[in-house]
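Subject: Structure handover

Hi,

Here is the structure I promised to pass on to you. Have a look at it first, and then read on for my notes on what turned up.

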Amino acid sequence: MPLCLDEIVERLGGQLAGDGKTVVSRIATLDGAAPGDLSFLANPKYRSQLAKTRASAVIVPAEAAAECPTAAILTPQPYLYFARVAQWLHAPVKPPAGVHPTAVILSAVPASASIGANTYVDDDVAIGDDVVIGANCSLGRGCRIGAGSRLHAGVAIYAGCVIGDRAIIHSGAVIGADGFGFAREDDGAWLKIPQTGRVVIGDDVEIGANTTIDRGAIDDTIIETGVKLDNQIQIAHNVRIGAHTAIAGCVGIAGSTRIGRRCTVGGAAMIIGHLTIADDVSISSGTLVTKSIAQAGTYTGSVPFLEHGQWLRNFSRLRHLDAMADRIRVLEARLADLEKKT
Amino acid sequence: MPLCLDEIVERLGGQLAGDGKTVVSRIATLDGAAPGDLSFLANPKYRSQLAKTRASAVIVPAEAAAECPTAAILTPQPYLYFARVAQWLHAPVKPPAGVHPTAVILSAVPASASIGANTYVDDDVAIGDDVVIGANCSLGRGCRIGAGSRLHAGVAIYAGCVIGDRAIIHSGAVIGADGFGFAREDDGAWLKIPQTGRVVIGDDVEIGANTTIDRGAIDDTIIETGVKLDNQIQIAHNVRIGAHTAIAGCVGIAGSTRIGRRCTVGGAAMIIGHLTIADDVSISSGTLVTKSIAQAGTYTGSVPFLEHGQWLRNFSRLRHLDAMADRIRVLEARLADLEKKT
Amino acid sequence: MPLCLDEIVERLGGQLAGDGKTVVSRIATLDGAAPGDLSFLANPKYRSQLAKTRASAVIVPAEAAAECPTAAILTPQPYLYFARVAQWLHAPVKPPAGVHPTAVILSAVPASASIGANTYVDDDVAIGDDVVIGANCSLGRGCRIGAGSRLHAGVAIYAGCVIGDRAIIHSGAVIGADGFGFAREDDGAWLKIPQTGRVVIGDDVEIGANTTIDRGAIDDTIIETGVKLDNQIQIAHNVRIGAHTAIAGCVGIAGSTRIGRRCTVGGAAMIIGHLTIADDVSISSGTLVTKSIAQAGTYTGSVPFLEHGQWLRNFSRLRHLDAMADRIRVLEARLADLEKKT
């Protein structure tokens, strides 16, 4: 779907520089662009690539306009603008509506929905308009999928879970498996606590491939509106994640922890259970969060890496840090003593 | 299935306080309970909620009986008691026995088993009585599923693997994929070692969503009776996990490591290969275990997190810890020297 | 398929010691071997098991020949030799060619390929000769699977992705889900960036169970020839992994990072985004890599674990490491002062 810059600016705003009849039909990086492509400059690091780009047009901040060799759209937020154009140029391909003959469907499906091959939908499931469900999915009894949501192939949703509107759920995601709840018998054996809560997910949530969100033990696990979850994330029972929080891949969040709104959690961070994290908190990659966080801000707890020999020399000291601190204290006392004497 | 307290006490023991005819039909938290609900007080942290609960009855330790505003069951182990009642009140819904017409089954299935839509069972598979297999599962040639086991939708079991009785396996779990075994060629390329062992799993094991357990390289990977595995756990080839060990989400256990009985492993811990961990060891969340552990006890190896600026100031010192130790040693020598002189 | 040692040595080289007519039909460890088995001594740690092995023959280095109680094949690289024999003795069982009647296939399938039950292949998919696809897989529009590749049950490949020849992809792997790319709106909401790149995978790549590889944002995510990926690995958009690099389980690699050739990455390591790692780099288990690495070598950044009480005493000092360094500096100044005076 080719667009000309005039059309784009008319719909999305920004200031045109150059020929508004310039036609673009694809997005591209500055470096990888070819004629017919629309590129963008968002990260100043790539500014040197601007002069050499082969794109037909570039979205740039006003201060870079002079260096832009092509037609341009000027905007203070080039990345956000680029996202809007990209969504327009590359709208997701929607498969034709209808239920594939190999799907096994025990619930009503609206005419606008599309259900893929070999997918199983149990009874009492509510499927919204324009929902797209890929192949080999499985939807448990009584769950709900909001209008406009898309489940890619191989998603499993357990009974009773609720997905809001316009969700995107990637392959291998599992929503609503039992939380990890056991009571211990005297002999050390574990007795399962039935997990009777649900997973309740708001609107505009995206869930990455092979991410798992467990159902609540008694109350629900809740993912609020606009939350974005990357791949391979584990969210335990009774967690609550506030609106517009974004969590990168390989993160684990243990049971009953509440995370605020507009937080970001870096890859492979781990948040233990029963904590409360305030709004607007940013957790750095690889950080283990073991205490609640009451103040917005950035929090970090990872260690630097070193060449292996250097690492051995330095990190083995960690076992003796307490002794080092004691030796400093003793030195201070002895030195003070000596200073008094002389 | 409503129960009255008399019935519960008759079957599960404990001491009744209040009206034994009180009827309960659901479990609930103290805070979330409504009339008709049975709640419990296990964690002293929630004691203040007891007076205000709307539950019809509460399971409490004897010392909290006086504060309980409702009928009560007194027991020294309220959480364990609660687990038993919860299992009774919320027994898993068993789908009707039979093989769904879209399932592809090349082995004998007992009349009491239930096989879901679009599931594939290869030949020579032994399926026990009362087994429930969800939709879109795949069971490789010659594997065995013990009586009363339940596989949720989308579980994959490779050829030859053995699952004990009463297993619960959640969606996306993969049992018996090849272990990661390669020999290196002179040019750096990797030559695959065929993984000819199996995965052998005892009775009463629960396996979380998207957890993976690799088959042995030559001998078997073994998960003993009563082991509980949370979601997104990776268990490599030839690992052995002792009975009643419980492992939280996102843990990785590398090849040939043996973990004792009744151990607990916290979320996102990682245990490297070829180690031996004793019985009754507890590994804290986020700990990297790089040596065998011969003694029961709790072991930890994570770092505290800090506000980012503080973290930068403190953790950058880790690169110079060895130099710090040297400077302390020099200070001690110089000071001793000076002390001798004065 | 029983083989005699003469046949093996004729095909794979090495020097025969003992009876070349000795027949072996299975591989085994020294300890677990029975008559008819072929074992090997690669790790000197197991040398003491050699004298007692019940194997019919053993692959050994020349220096261990004298201790070998059985027929032997002498080679300087016993593990590599073992891998070659093991591949011969335990060649993967190939299911019969043909498309299962329950599979839904919208593309041409060569006669030599085997497509499992309930698998879905969208249109415009190119499937090479001798490809084996298990049950419940899903292949998106326009993807390509190279000759001789094997997809185990439950693999999902998104539209447009390219898999080379002789790939092995384990159950639950997801290739080509959207990368985690969003622009932030002024109110904190996230606007999705369409992910228009692909995943392009070279020849002889193995991908573990539940591993995820995201499609590129604009350009492609690239996995070069001979790369081996263990289970539960997350590879973000626009990553490039060099030929013959091997990555252990639970590793995460964030967006746009480039990893060199012949690298090894230990389990649960995490590499943040936009880095460049040189060829022949080895990253230790549990290391968080936050800077590019320009030199071949081994790099580590994990902390030791301790008994919990010891850990508390030592690791709490990390919060005060900067203050400790200051105190050392002050001590040095005061001591120098005092030394001058006396």
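**Strands across the B–C contact**

Strand β38(B) and strand β39 (residues 306–307) of chain C run antiparallel and are joined by two bridges. Within β39(C), the residue standing opposite B:Thr300 is C:Leu306.

Before going further, please keep in mind that this is a predicted model. The predictor gives the complex an ipTM of 0.96 and a pTM of 0.97. For chain A, the average pLDDT is 96, and 100% of the residues score at least 70.

**More on that contact**

Chain B brings 60 residues to the contact and chain C brings 65. Which elements of chain B each supply at least two residues of the side that touches chain C? They are the strands β20 (174–177), β21 (182–184), β22 (190–192), β25 (212–214), β37 (288–289) and β38 (297–300), along with α3 (308–315) and α4 (321–341). The element that gives the most to this side is α4(B), with eight residues. Sorted by class, the side of chain B that touches chain C holds 30 nonpolar, 20 polar and ten charged residues.

**How the chains are related**

Chain B superposes on chain C by a rotation of 120 degrees, with 0.0 Å of shift along the axis and an RMSD of 0.1 Å. These two copies are thus related as by a three-fold rotation axis. Chain A can likewise be laid on chain C: a turn of 120 degrees and a shift of 0.0 Å along the axis give an RMSD of 0.1 Å.

**A sheet with strands from chains A and C**

Strand β19 (residues 168–169) of chain C pairs with strand β24 (residues 206–207) of chain C in the parallel sense, over two bridges. There, C:Ile169 stands opposite C:Ile207 of β24(C).

**Domains of chain A**

Finally, chain A is divided into domain 1 (3–89), domain 2 (99–299) and domain 3 (308–341). Between domain 1 and domain 2 of chain A, the C-alpha centres lie 36 Å apart.

Best wishes

Definitions and conventions:
Residues numbered from 1 in each chain as written. Chains lettered and ligands numbered in written order. Predicted model: local features only at pLDDT ≥ 70, side-chain atom pairs only at ≥ 80, totals over all residues. Least-squares fit on C-alpha atoms with pLDDT ≥ 70 in both. Pairing = 2+ DSSP bridges. Helix = DSSP H or I, 4+ residues; strand = E, 2+ residues; numbered from the N terminus. pLDDT = per-residue confidence, 0-100. Domains from an automatic or database assignment. Contact = placed C-beta atoms within 7 Å. Nonpolar A, V, L, I, M, F, W, Y, C, P; charged D, E, K, R; others polar.
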